[in-house]
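Please read the points below with the coordinates open.

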Amino acid sequence: MNVRAAAANVLYLVVDKGHSLSNALPEAQQSIRPRDHALLQEICYGALRYLPRLESIASQLMEKPLKGKQRVFHHLILVGLYQLGHMRIPAHAAVADTVEGAQDLKGPRLRGLINAVLRNYQRNQEQLDAFSVSHNAGKYAHPSWLLKTLQQAYPQQWQEIVDANNQKAPMWLRVNQQHHDRDAYVALLNDANIDSTTHSEAKDAIKLAAPSDVRALPGFAEGWVSVQDAAAQLALRYLQPQDGELILDCCAAPGGKTAHVLEQVSAREVVAIDCDETRLKRVTENLQRLNLQAQVICGDARHPQQWWQGEQFDRILLDAPCSATGVIRRHPDIKWLRREDDIAALAQLQSEIFDAMWTQLKPGGTLVYATCSIMPMENVEQVKAFLQRTQDVELVGSDPEQPGRQILPGEEDMDGFYYAVLRKHA
């Protein structure tokens, strides 16, 4: 399939049908040549990142919107606008290949319209670009509810958060200490002419100067290194697992934190549980590549009695289901798939899992509550409420008035993440 047509299909599935980019993109990649995979990804991620601007420009260039069976061609126009406005593809090639995409989408009669819209944009680009950022939705490229929530929660930092969300995410690696320490792996990267920097807190984290195909990374297939954001790697710093302990990674998929624990300690047993059977396959695949073993269980974290009849755990990492508002730069579709009322529903689910997991923790044990969210309702307020309703709990390392640590997107080039450490009274 024409790569622009494939991109239009992805945008249609995400924006109009509510599919996740993580599902729609791999399916679309199967319909195009492997050499075009990176181009498809760039177009889809970029168009979703700046969707309100593209929509605004399109509305100025078309007398009436394309609806019904023609909606996919609306998204094909957005694909063309993104290439012309944000990519280094020669304009004539971007227009020609986008127009040609109408053929694969079975709309040859719309080729003239698509060509006219894109040519008109070329002629009036400066004015149209200025118009596209003349309103808040276009200027900040966030839905109004999310922008308002960020402004209320972070009156001093909201603009920095929005800017970080609209950037391309860096590629962070986690060095497997069973094979090399971080300095040794940096030396291997240098030998391979791959530039990198290290992180001040996450002791296994390396940031690549430019994203790399994992096949080019020294020893990737042998498990020497994994791809994982530095903020996610900090889970180990807060969990502090010890040799010989029984450890639970709750809501574990795709398994990066499970693997990190196993790379660091000789646990008696590590249990990884998630309710999504499809995503659990990723946990198993990751562990196999790294030659690590954990007990992987599909189950509902709210009902541990259904999947665990063993003793209580020494440590639990509760990486709770959340809005994922801290990882928008990696998943720009989150901005358009999330709804304001999702946050309260997720907070209720988190609360139920929190209480259930506390029953599975040994007296004297440690639970780390974590999310990749920046919503106070899911983080600080969630932990405050747990502290108020729970008798046998001690907050470790932070102020009960402002419990835990909120990492904001872009902080030392990390994703947005939240951690709170809780100890059960002995």
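1. Cys372 sits in the loop between β9 (361-371) and α19 (380-389), where helices (H or I, at least four residues) and strands (E, at least two) are DSSP runs numbered from the N terminus. UniProt, in an unreviewed entry, lists Cys372 for "active site"; positions from UniProt are given in the numbering used here, feature names are shortened, and annotations may be inferred rather than shown by experiment. Cys372 counts as buried because its relative accessibility is 18%, buried being under 20% relative accessible area, exposed over 50% and partly exposed in between (1.4 Å probe, protein chains only). Leaving aside residues up to four places away in sequence, Cys372 touches Cys322, Ala324, Thr325, Gly326, Val327, Gly416 and Phe417, a contact being heavy atoms within 4.5 Å.

2. On provenance, this is a predicted model, in which local features need pLDDT of at least 70 and side-chain atom pairs count only at pLDDT 80 or more, while totals for chains, interfaces and linings use all residues. Residues are numbered from 1 along each chain as its sequence is written, and side-chain values use heavy atoms, with hydrogens and water left out.

3. The unreviewed UniProt entry places "domain: SAM-dependent MTase RsmB/NOP-type" at residues 161-425. That span is 30% helix and 23% strand, and its end C-alpha atoms lie 37 Å apart.

4. The UniProt "binding site" annotation, also from an unreviewed entry, covers Cys251, Ala252, Ala253, Pro254, Gly255, Gly256, Lys257, Asp274, Asp300 and Asp319. Of these residues, Lys257 is included in the lining of the largest cavity. Gly256 is found in helix α15 and, residues up to four places away in sequence not being counted, touches Arg174 and Gln228. Asp274, in strand β6 (residues 269-274), is buried at a relative accessible area of 7%, and its contacts beyond four places in sequence include Cys251, Ala252 and Ala253.

5. Lys257 also belongs to helix α15 and is buried, with a relative accessible area of 13%. Lys257 and Asp319 are 62 residues apart in sequence, yet 9.2 Å apart in space from C-alpha to C-alpha.

6. How many disulfides does the model hold? The count comes to zero disulfides, the criterion being a pair of cysteine sulfur atoms within 2.5 Å. The sulfur of Cys251 is 3.7 Å from the closest cysteine sulfur, that of Cys250, which is too far for a bond. Cys275 is likewise in no disulfide, as its nearest cysteine sulfur, in Cys251, is 6.8 Å away. Cys251 is buried at 16% relative accessibility, whereas Cys275 is exposed at 60%.

7. The structure holds one cavity of 30 Å³ or more, and the largest cavity has a volume of about 30 Å³. Here a cavity is a set of points, on a 1 Å grid over the protein atoms alone, where a 1.4 Å probe fits but cannot get out, and lining residues have an atom within 4 Å of a point; the volume is the space filled by probe spheres set on the points, which are joined across faces, edges and corners. Its lining consists of Leu239, Ile247, Asp249, Lys257, Thr258, Val261, Val270 and Leu317. The elements giving two or more residues to this lining are β5 (246-250) and α15 (256-264), and α15 gives the most, with three residues.

How values were computed: 1 Å grid on protein atoms, 1.4 Å probe; cavity = no way out; pocket = protein on both sides within 12 Å on 5 of 7 lines; lining within 4 Å.
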